Amino acid sequence: MSEASPAIPRVRPARRRMGAIERRNLRLGLLFISPWLFGFLVLGIFPILYTFYLSLTRYSGLREPILIGAANYQRMVADPLFWKAASNTLFYTALAVPIGVVVAMALALAMNQKLREVAVYRAIFYLPSILPVFAISFIFVVFLNPGYGLLSYALSTVGLQSPNWLGDPSYTIPSLVMIAQLGAGAYALIFLAGLKGIPVELYESASIDGAGPLRKFFSITLPLMTPVILYDLIIGLSLALQVFTPAYILTGGGERAAGPDNSLLTFVFFIYRQAFQFGQMGYAAAVSVVLFVISLIIAGIVFRWARGWVYYESVR
Amino acid sequence: MTGMNATQPITRSLTRRKGWLGRLFSRSILPRVVAIAFAILFIVPFYWMLISSVKSPQEGTRVPPTLIPETWVWQNFSDAVSFIPFSLFALNSAIITLGITIGAVLSNTVIAYGFSRIDWPGRDKVFYVCLATIFLPYPVILVALFDIFGKLPAFGIQGSNSWVNTFLPLIVPAFFGNPFYIFLIRQFMLTIPRELSDAARVDGASEFQTFWKVILPLTKPAVTVVGIFAAVAAWNEFLLPLLYLHEQTKYPLAVGLAFFTSEHDVSYNLLMAAATLVVLPVVVIFLLAQRFFIEGVTVGGVKG
């Protein structure tokens, strides 16, 4: 960070116009970042504005868009499938994100033990997180089958009746949550880096004061990990609100209903169907705007809430 | 023994007070049990994929299922490759992955250089804007981007008039950088001493020569990480090829397998054999480059 701060030029007394070197640097700097700048404006800012515009039109993608005011938004409010998609996505997010944080923390703690074979665990936990989600979803279609699937068999050996994971509308979202946990290894590695950064002296002095392992976890580990947990929460929320691929694969894709009782219809699935199967680009754009606003609101709430519990070393 | 104790004085004497049983419990038994339990949970779905891929169709649908195949039908793999147009899908996946990887490596190194090795006014503020875009939910602009790419002329590339139904909307955006990859390389470039650049400038090197001949060779580890991440992400991508590609002959594996299984009656053993073949390259890359994966994730997370 210290190298990044342009301290030296600022110290100079006169703040006249930029010197020749500064001007040269500005030109060169902008030249080097120009690919990003172009992408940011043309593939980021402009599409966002264009989405807002399209959300106010009727547009099939073929003829010119026709401005229809807020009609798409009115239609959304009255559309039961939109509410279904919203509640499915929020239900999934509310389950997958907290469970994901807990699983990632547990994996990180396991990887932080002084065990000789710890590199093996690290590889086993991390590897599934980089495997293609579509392939993992195919595996789960088979794995969760109530007849020949392994999970129902495993549950039956301990005397439990397996639910019809992909056939019963109240178990499809939990199935998605299960699939998402195979990605926890990537977050666990980030947590592990945080765990390794906690000074050993803290644990040693806590031991001298007679603190047990639980007390140490809740009084030292957890508070010092809060910045990393916040990072995980924000990324996790953003990704959970965008969930699409496993839902699409579990429903068998295509034109059929999105799972039993549309229980796998997520926000992005809904946008996908409206825009690319039904040719309702304007309506899909309006739903995109709503997803954008919801994402911003949720991130804002989490950031504000985090002020109460995130511990920053510099405050000390 | 006494010599070893001297190297770790405090912790040793503290744990010793608990007695050897308690130490055994807290030091390795309990953590090991938890770690092994998690490891089993993480392995089981892939074990299931592997054994399902070598079962015969009759054995595959038997209730209760067999945990170890009675007959090992290796032919499932060759059947999967010949029944599903697997090699065509794999070729498309490879082309798209290669294009995206080249784009990511070229663009992100240049951009990261501009954000780390040149001092220009406002640089860090612009970089924070760049970082903030990590949090933008990408699907929000899907509809608009699709419409934009649909209006760009492709001049008959892959037999299409517009960019839609070509690989272009998948590959070209990779040439404009990705905030996460820029961050990774920038953090690495910041650790290279400034004197190296100064020396090159004194010797009369242009900024681009300094980038190309001095900084880039030293940044190889970070660039490798970005190349690997970009390649794996490209191989795994599902939504974008699903949107942009409309002919089976252009599908990568992700969309090809989903489409083929929804259109044809594929026995699930063949599907699992195909899934194994899809997963395999990623596993091989991971085993070869494990160090890079671990480092890459860690740099991205620590001061996030």
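## Confidence in the model

Where pLDDT is low, predicted coordinates should not be read in detail.

Chain B as a whole averages a pLDDT of 87, with 89% of its residues scoring at least 70. For the complex, the predictor gives an ipTM of 0.87 and a pTM of 0.88.

This is a predicted model, in which local features need pLDDT of at least 70 and side-chain atom pairs count only at pLDDT 80 or more, while totals for chains, interfaces and linings use all residues. Residues are numbered from 1 along each chain as its sequence is written, chains are lettered from A and ligands numbered from 1 in the order in which they are written, and side-chain values use heavy atoms, leaving out hydrogens and water.

## A helix pair in chain A

Helix 4 (residues 80-111) and helix 5 (residues 118-130) of chain A have axes that come within 9 Å and cross at roughly 155°. That makes the two helices of chain A roughly antiparallel (an angle over 145 degrees).

Leu107(A), Ala110(A) and Met111(A) in helix 4 meet Val118(A), Arg122(A) and Phe125(A) in helix 5.

## Ala275 in chain B

Ala275(B) sits in helix 16 (residues 268-288) of chain B. Ala275(B) counts as buried because its relative accessibility is 2% (buried means under 20% relative accessible area, with a 1.4 Å probe and protein chains only). Ala254(B) is 21 residues away from Ala275(B) in sequence, and their C-alpha atoms are 9.7 Å apart.

Note on methods
pLDDT = per-residue confidence, 0-100. Axes fitted to C-alpha atoms, helices over the stretch in contact; angles between N-to-C directions. Helix = DSSP H or I, 4+ residues; strand = E, 2+ residues; numbered from the N terminus. Parallel < 35°, antiparallel > 145°, perpendicular 65-115°, else oblique. Contact = heavy atoms within 4.5 Å. Buried < 20%, exposed > 50% of the residue type's maximum accessible area, 1.4 Å probe, protein only.
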